[in-house]
Amino acid sequence: MGILDFLKKQFVDVIDWVEEPGDLAIRYPMEDREIQNGAALTVREGQVAFFYNEGQMADAFGPGQHTLNTSNLPLLTALQNWDKGFQSPFKADVLFFTQKEQVGLKWGTSQPVTVRDKEFGPLRIRAFGSYSFRIEQPPVFQAKLMGTLDHLRVGDVETQLRSAIATQLATSLGRSEFGFVDMAADQAAMSDRLREMVQPAFTQWGLSCQTFFVESLSLPDEVQKYLDKASSMRVVGDLDRFVKFQSADAIEKAASAEGGVAGLGVGAGAGMALGQAMASGLGGGGQASAPAGGGDDPYGQIEKLHKLLTIGAITQADFDAKKAELLGRIR
């Protein structure tokens, strides 16, 4: 055996782990797994250390400083079948696990999830958010995910966790009795439901989903445009009232322009005439209302409508239609 080999095989007498951000677990590196009797084991806050013998879990140590001997390695001592306290170095695998919460992780749907919305029918929904987790059961985590690896980081398990989240998301949306609008309006409740649904998948790997947030629910652009158009039509509601509103808005704009409506000679009576004209001529074919005040003849009404046409409050087609109606009253 060369001098370098001899140095590599020097018995370990200090065991500790200073983890880096993103680290989950590490198999402590040592030549031939040989540990000096009486070695010092330091486990930092948020960590736990496990001793394994021939692949079988022996002893566990929480945060603190520990001296390794037969008194605090009872299971390992029993597995090694020592008749009395060991005085020589012993062999064991030492694995460190961090139990700190891994925060700020992102999840999202790589493809839209098709759901049957109770209001809009089939919809393709995208969802995005964040989550956090921690190692809850290190032995299960070691058996299911770490295995014989020497080092495991968050990036090594993220893909698997996101896949589990995407599966549960599709299931949740598919079974949901709430419409898209309701889900988008109450993302907190949806976040709680999804956290409960993904927890079993995390548990099978020895993990715990600490927090889960739905930050965005969205539709494809073309579907969103259609939804916006449908919303606009529902806001408009009564077409007759919408036309009156548009006409009043046009008068207000004309009044604020140079000269104003009064400068064109329309005055307050123009608005009333416009309302009568719109209610009868654009309101669905109903009979014309009596002129306000009862004193205006058809020619006066036509003159007022012409002034409204001049300021752009009504269209040429509206004017022609109403003019023909008023002239038809003349006997």
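**Entry 1: what I am working with.** I note that this is a predicted model, in which local features need pLDDT of at least 70 and side-chain atom pairs count only at pLDDT 80 or more, while totals for chains, interfaces and linings use all residues. Residues are numbered from 1 along each chain as its sequence is written, and side-chain values use heavy atoms, with hydrogens and water left out.

**Entry 2: the chain as a whole.** I found 12 helices and 13 strands in the protein chain. Of its 331 residues, 38% are buried, a word that stands for under 20% relative accessible area, with exposed for over 50% and partly exposed for what lies in between (1.4 Å probe, protein chains only). Taking the contacts (heavy atoms within 4.5 Å) with a separation of 6 or more, I see that 67% join residues 24 or more positions apart.

**Entry 3: back to isoleucine 330.** With a relative accessible area of 34%, isoleucine 330 is partly exposed. I also find Ile330 in a nonpolar surface patch with Tyr299 and Leu327, and together the three have about 280 Å² of accessible area. Such a patch takes residues with over 30% relative accessible area and no salt bridge, joining nonpolar side chains (Val, Leu, Ile, Met, Phe, Trp, Tyr) within 5 Å and like charges within 9 Å; a salt bridge is a side-chain nitrogen of Lys or Arg within 4 Å of a carboxyl oxygen of Asp or Glu. The areas come from the Shrake-Rupley method with a 1.4 Å probe, and for residues only the protein chains shown count as cover.

**Entry 4: aromatic rings.** I looked up the aromatic pairs, and the structure holds 7. Rings of Phe, Tyr and Trp (its six-membered ring) pair if their centres lie within 6.5 Å, and planes under 30 degrees apart count as stacked, over 60 as edge-to-face and the rest as tilted. The rings of tryptophan 17 and phenylalanine 96 have centres 6.0 Å apart and planes at 45°, so I call this pair tilted. Because tryptophan 17 lies in the loop between strand 1 (12-15) and strand 2 (23-27) and phenylalanine 96 in strand 8 (residues 93-98), the pair ties together parts 79 residues apart in sequence. Tryptophan 17 is buried at 6% relative accessible area, and phenylalanine 96 is buried at 0%.

Notes
Helices (H or I, at least four residues) and strands (E, at least two) are DSSP runs, numbered from the N terminus.
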